[in-house]
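Please read it with the structure open.

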Amino acid sequence: VHFAVSQSDPKRPIFFTKRLKHQNPSQRFRISCKTSKSSSSSSKPQQNPLEEQSPKKTQSLSEQLQPLSTTTLPKKDQAARLSSNPKSTWVNPSKPKRSVLSLQRQKRSPHAYNPQLRELKLFAKKLNDCENNEGAFLSVLEQFPHQPNRENSLLILNSLKPWQKAYLFFNWLKTNNFFPMETIFYNVMMKYLRLGGQFEVIEELANEMVSNEIPLDNITYSTIISCARRCYHFDKAVEWFERMYRTGLMPDEVTYSAILDVYAKLGKVEEVISLYERGVASSWKPDMVTFSVLAKMFGVAGDYEGIKYVLQEMKSVEVRPNLVVYNTLIEAMGRAGKPGFARNLFEDLIESGLTPNEKTLTAIAKIYGKARWEKDALKLWEEMKSKNWPVDFILYNTLLTMFADIGLVEEAEQLFIDMKRSENFKPDSWSYTAMLNIYASGGNVDKAMELFEEMFEVGVELNVMGTTCLIQCLGKTRRIDELVRAFTVSIQQEIEPDDRLCGCLLSVVSLCDNREDIDKVLACLHQANPRLVEFVELIEDEKSSLDTVKEEFRRVLSDTKDDARRPFCNCLIDICRSKNLHERAHDLLYLGTLYGLYPRLHNRTADEWSLNVRTLSVGAAKTALEEWMGTLAKIVKRGEALPELFSAQTGTGTHKFAQGLSNSFGSHLKELGAPFKNSEDKVGCFVATREDLLLWLQSKIPSSSTVIS
């Protein structure tokens, strides 16, 4: 098959596979058909230069005509489409090209050109509308309008809902063996099953594909892994990802992000970093989801260096955080104890033109409250009002808690009034608890009790935190009868006392001036924790041996949550000191140190020895100071070397209503006559030189003839 070529263009190929632009409409095709062997040899057709590179082969007429019928002569229903100019496709120049190997997808069936499309869609609707049971479904399937084949079956499968009907149809196709099942059918079915959270069924299909030698492609593995992740089968997700890698398939962006999240949830930080770097090395460009996963992983672990690594990686690949990533990074900085960096990220978010949402503001409010940053908290509050940033119920309560943590009473009261006036954000139990905390911290008992009564009037349930705040407030002001009533009401409200409430009652016991009040508070404590009351009675008995106290204290700690153990010990020491049981107080400090409750109490360097009482109560701090001075006196008596400087660090309470540990500790130093003075460089730190402390200690030792290095 050939045609005449103009002599003006001798290089134009004779045979072609697509329509040529600017084709001369007057050119005609000449079809030469030689069936006789002799005629073929005597009159040779013009040779195609492309055929010289391939073996000679005699073609039939149909084979010779096929290129023309398929490539040159369009079908009637495609004529208009081929003759018209295709529409141009706009490409966003700012969006990066895919850097990972594109998904190995199967070519879609040409449903759009299927004349049976309308009839098949109506049939699919009939299947969707039938009863959701196997009998009814199979009965409708018998009315399949055409012989099932690859194209119409795939169309029906893509149209079915829910996944149970799709699964019935899929199994029907396999059972009747209308045509060989291909990967695309399994992929479509697996996506249905993923929506339904049916990982076990997906895994069965995957194993079936392996058994039947049906290839698993990128889509298959991605669906399996992402479903395993959604269903919290993290080990299975890792297993299938490793199988995917062994096949040589390159993960796509979705698979990379999903498996990184799986490794992060499993706590496999090294594997996450290794996989991330391996992906980047293979030209994969991480997306926002990936960086959010990395930031969350490091944030939960409080790994500040890891968070810095994420920020550096985002900068290196020129990815600017979106709001979701900013939120994750800010929360991560809060968990890592880096409020300054969280504030910088928040300011960067504003400067980038993004508007913070409720989650952003909730995260930064928590951080400011925990850091006791009054100035930043007020600035945030003013910006929220002036810029009309979005709020929700959680944010309102978080702001109240922030004001409570910092002690901003007026701002908290105004916000509380605004909540009462609003239609959608009426104060709930946590809102009232935050206000109770503010009044309790400030010692405003009357307002606290007024709020307590109001809760019952408006039908807001009391919670254990609110009870704890109220009891703390009443205990500090020695209003024991009202304390007992508040505790009784909370028990009647079926509130279960926790360790924090028990610790609060213990602290009130240390504040009571008379036995009658002590017995009233202990009666409340007995309802919450009988063993704790028994231990209080044990340490009050001077006949109790240290071994007995040690064993019972171990049992008390075993029944107590980790974060409440040190507060319990602090309160018990305070109780002993309030009863002038100083030796027992020292026993409890020793036991607390023995059981790891005060891990950073002492620190020694070549130049300085220090005592850190930041996490101790006033009574426990005094006991620790006395214990330290006693130890130093023994060292001096033995003639051992001492450093140049000694320091005692109390820290400084940043809360507006915080108890003055530093003031109480300083007063106790004066009572002892110890030569410690306030540090000029560090607030909440008392320092003494070796010479001054040595003279004071020698004055306390009966025999001062010891030679000191």
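1. Which residue of β5 does Trp609 stand opposite? Trp609 faces Phe646 in β5. Strands and helices here are DSSP runs, numbered from the N terminus; a strand (E) has at least two residues and a helix (H or I) at least four.

2. Some ground rules. This is a predicted model, in which local features need pLDDT of at least 70 and side-chain atom pairs count only at pLDDT 80 or more, while totals for chains, interfaces and linings use all residues. Residues are numbered from 1 along each chain as its sequence is written, and side-chain values use heavy atoms, with hydrogens and water left out.

3. The sheet is open and has five strands, in the order β3-β4-β5-β7-β6. The pairing is mixed. Two strands pair if DSSP finds at least two bridges between them. At the edges are β3 (602–604) and β6 (677–678), each of which pairs on one side only.

4. β4 and β5 run parallel and are joined by five bridges. β6 and β7 (residues 685–689) run antiparallel, with two bridges between them.

5. β5 is mostly covered, with four of its five residues buried. Buried means under 20% relative accessible area, exposed over 50%, and partly exposed in between (1.4 Å probe, protein chains only).

6. The model has 33 salt bridges, each a side-chain nitrogen of Lys or Arg within 4 Å of a carboxyl oxygen of Asp or Glu. One of them joins Lys174 and Glu208, at 2.8 Å from N to O. Lys174 is in helix α7 (residues 163–176) and Glu208 in helix α9 (residues 199–211), so this pair links parts of the chain 34 residues apart. Lys174 is partly exposed, at 24% relative accessibility. Glu208 is partly exposed too, at 24%.

7. Asp261 and Lys265 form a salt bridge, with the closest N and O atoms 2.7 Å apart. They are four residues apart in helix α12 (residues 253–265), so about one helical turn separates them. Asp261 is buried because its relative accessibility is 8%. Lys265 is partly exposed, at 43%.

8. Glu540 bridges to Arg515, the closest N and O atoms being 3.6 Å apart. Glu540 lies in helix α28 (residues 530–540) and Arg515 in helix α27 (residues 515–528), so the pair ties together parts 25 residues apart in sequence. Arg515 is partly exposed, at 41% relative accessibility. A salt-bridge network links Arg515, Asp519, Glu540 and Lys579.

9. Finally, the surface. Leu546, Tyr590 and Leu594 make a nonpolar patch of about 270 Å². Leu594 belongs to helix α31 (residues 582–594) and is partly exposed, at 43% relative accessibility. Patch residues have over 30% relative accessible area and no salt bridge; nonpolar side chains (Val, Leu, Ile, Met, Phe, Trp, Tyr) are joined within 5 Å, like charges within 9 Å. Accessible areas come from the Shrake-Rupley method with a 1.4 Å probe, and for residues only the protein chains shown count as cover.
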